[in-house]
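Dear colleague,

I am handing over the structure that we spoke about, and below it you will find my notes on what turned up. Please read them with the model open beside you.

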Amino acid sequence: MNGNTWTNFVKDFARENGTRYMEAIKNPDLSVAYKTHKKGLKTKARQDNFDYLKRTAIEMAGHTPTGEPKNEEHENIIFQIEEIEIES
């Protein structure tokens, strides 16, 4: 749909309420509906951003600075300790 967010919203509002564009503009419920719609978009954008940051943090937490997974590093240390104990 061409136009800006407001005009597109008014067109959709008019279509959903069975009126024309100019009649929808005069409807006092239009402004309330638009503010609610806009708030919902902002909330979704914030949630999407939070989800992205959370996923990224979880991925980063699973890696050491060298890029090796923590589990492999831990297993190597245990293996070295066992070798030292056997030699002693």
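L30 is buried, since its relative accessible area is 1%, where buried means under 20% relative accessible area, exposed means over 50%, and partly exposed lies in between, with a 1.4 Å probe and protein chains only. This residue lies in helix α3, and helices here are DSSP runs of H or I with at least four residues, while strands are runs of E with at least two, numbered from the N terminus. If residues up to four places away in sequence are not counted, L30 touches W6, F9, V10, F13, A24 and I25, a contact being heavy atoms within 4.5 Å. With one of these, F9, the separation from L30 is 21 residues in sequence and 9.0 Å in space, taken from C-alpha to C-alpha.

Before going further, please keep in mind that this is a predicted model, in which local features need pLDDT of at least 70 and side-chain atom pairs count only at pLDDT 80 or more, whereas totals for chains, interfaces and linings use all residues. Residues are numbered from 1 along each chain as its sequence is written, and side-chain values use heavy atoms, with hydrogens and water left out.

As for the chain as a whole, it has four helices and zero strands, so that, by the DSSP runs used here, the order from the N terminus reads α-α-α-α. Of its 88 residues, 10% count as buried. Among contacts between residues at least 6 apart in sequence, 18% join residues at least 24 apart. The accessible surface comes to about 7,700 Å², of which 57% belongs to carbon and sulfur atoms; such areas come from the Shrake-Rupley method with a 1.4 Å probe, and for residues only the protein chains shown count as cover.

How many salt bridges does a search of the whole structure find? There are three, a salt bridge being a side-chain nitrogen of Lys or Arg within 4 Å of a carboxyl oxygen of Asp or Glu. In one of them the side chains of R15 and D12 meet at 2.9 Å, N to O, and both residues lie in helix α1 (residues 5–16), three residues apart, which is about one turn of the helix. R15 counts as exposed because its relative accessibility is 55%, while D12, at 27%, counts as partly exposed. Another joins E23 to R20, with the closest N and O atoms 3.2 Å apart; here E23 is partly exposed at 39% and R20 is exposed at 60%. K44 and D48 also form a salt bridge, at 2.9 Å from N to O, and these two lie four residues apart in helix α3, about one turn of the helix.

Finally, there are two surface patches to look at. Patches are made of residues with over 30% relative accessible area and no salt bridge, like charges being joined within 9 Å and nonpolar side chains (Val, Leu, Ile, Met, Phe, Trp, Tyr) within 5 Å. W6, Y21, M22 and I25 form a nonpolar patch with about 360 Å² of accessible area together, to which helix α2 (residues 21–26) gives the most, with three residues. K38, K39, K42 and R46 form a positive patch; Lys and Arg count as positive and Asp and Glu as negative, with His and the chain ends not counted, and the place of a charge is taken as NZ of Lys, CZ of Arg, CG of Asp or CD of Glu. K38 is in helix α3 (residues 28–61) and, because its relative accessibility is 38%, counts as partly exposed.

With best wishes
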